[in-house]
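Here is a brisk report on one protein model. Sequence and structure come first, then the notes.

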Amino acid sequence: QVQLVESGGGLVQAGGSLRLSCAVSGYTMSPYALGWFRQGPGNEREFAAAINWIGDRTYYADSVKGRFTISRDNAKNTVYLQMNSLKREDTAVYYCAAKFLDATMNQGDYNYWGQGTQVSVSS
């Protein structure tokens, strides 16, 4: 079974940057896509970014496109979310998730989830 552990969350000023990491363990020999989802105060969890197994295809929600970058290092079994030009509306708990084969933007497709890491943006 795949295990996911997020880290790197914290408090940052608007306009600043933060990089989240997600360490993956378990059956990493199987091809899997990774995604980042977030849930802000009073909101439902929503898609933020996803990346395929090889790492050459990425997908972003319109709300983060141009500001966030997802990447992965399979040798380190880690996926990253580089967050730039942060806004107050980016405040949320960020979750890392994994699914077999192709990347999608639907959280219902993902089978494994991390515990989440809090990102708070102030102004």
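Predicted model: local features only at pLDDT ≥ 70, side-chain atom pairs only at ≥ 80, totals over all residues.

Start with strand S8 (78–83). Five of the six residues in S8 are buried, so the strand is mostly covered. The cut-off for buried is under 20% relative accessible area.

S8 has a partner strand on each side in the order S1-S3-S8-S7. S3 and S8 pair in the antiparallel sense, over six bridges. S7 and S8 also pair in the antiparallel sense, over six bridges.

## The four-stranded sheet

The sheet is open and has four strands, with antiparallel pairing. S1 (3–7) and S7 stand at its edges. Each has a single partner strand, so one side of each lacks a neighbour in the sheet. From one strand to the next, the twist averages 15 degrees.

Individual bridges show how the strands line up. Cys22 has Val79 of S8 as its bridge partner. Ser21 is bridged to Tyr80 of S8. Ser71 also has Tyr80 as its bridge partner in S8. The hairpin of S7 and S8 has four residues between the strands. In that hairpin, Asn77 takes a positive phi near 50 degrees.

## The nonpolar core

The largest nonpolar core has 35 residues. Leu34, Trp36, Leu81 and Tyr94 have the most contacts inside it. Several strands supply at least two residues each: S3 (18–25), S4 (32–39), S5 (46–51), S7 (68–73), S8, S9 (92–100) and S11 (117–122).

What does Tyr94 touch, not counting residues up to four places away in sequence? Its contacts include the core residues Trp36 and Leu81. Also on the list are Glu6, Leu20, Phe37, Arg38, Phe68 and Met83. Gly116, Thr117 and Val119 complete it.

## Aromatic pairs

A pair of aromatic rings is described by the distance of the centres and the angle of the planes. The structure holds five such pairs. One of them joins Tyr32 and Trp53. The pair is tilted, with 5.0 Å centre to centre and 55 degrees between the planes. Tyr32 lies in S4, while Trp53 is in the loop between S5 and S6 (58–60). The pair therefore ties together parts that are 21 residues apart in sequence.

Are the two partners buried or exposed? Tyr32 counts as buried, because its relative accessibility is 6%. Trp53 counts as partly exposed, at 28%.

Tyr110 and Trp113 form another aromatic pair. Their arrangement is edge-to-face: 6.4 Å centre to centre, 65 degrees between the planes. Tyr110 is buried, with a relative accessible area of 5%. Trp113 is partly exposed, at 26%. Both belong to a cluster linked by ring pairs, together with Phe37 and Phe47.

## Charges over rings

Two of the rings above also carry an arginine. Arg45 lies over the face of Trp113, 3.9 Å from the ring centre. Trp113 thus has Tyr110 as an edge-to-face partner and Arg45 over its face.

Which ring has the charged end of Arg72 over it? That ring is Tyr32, and the distance to its centre is 4.8 Å. Tyr32 is also the buried member of the tilted pair with Trp53.

Technical notes
Residues numbered from 1 in each chain as written. Heavy atoms only, no water. Core = buried A, V, L, I, M, F, W, Y, C linked by side-chain atoms within 4.5 Å. Buried < 20%, exposed > 50% of the residue type's maximum accessible area, 1.4 Å probe, protein only. Contact = heavy atoms within 4.5 Å. Pairing = 2+ DSSP bridges. Axes fitted to C-alpha atoms, helices over the stretch in contact; angles between N-to-C directions. Phe/Tyr/Trp six-rings, centres within 6.5 Å; stacked < 30°, edge-to-face > 60°. Lys NZ or Arg CZ within 6 Å of the ring centre and 35° of its normal.
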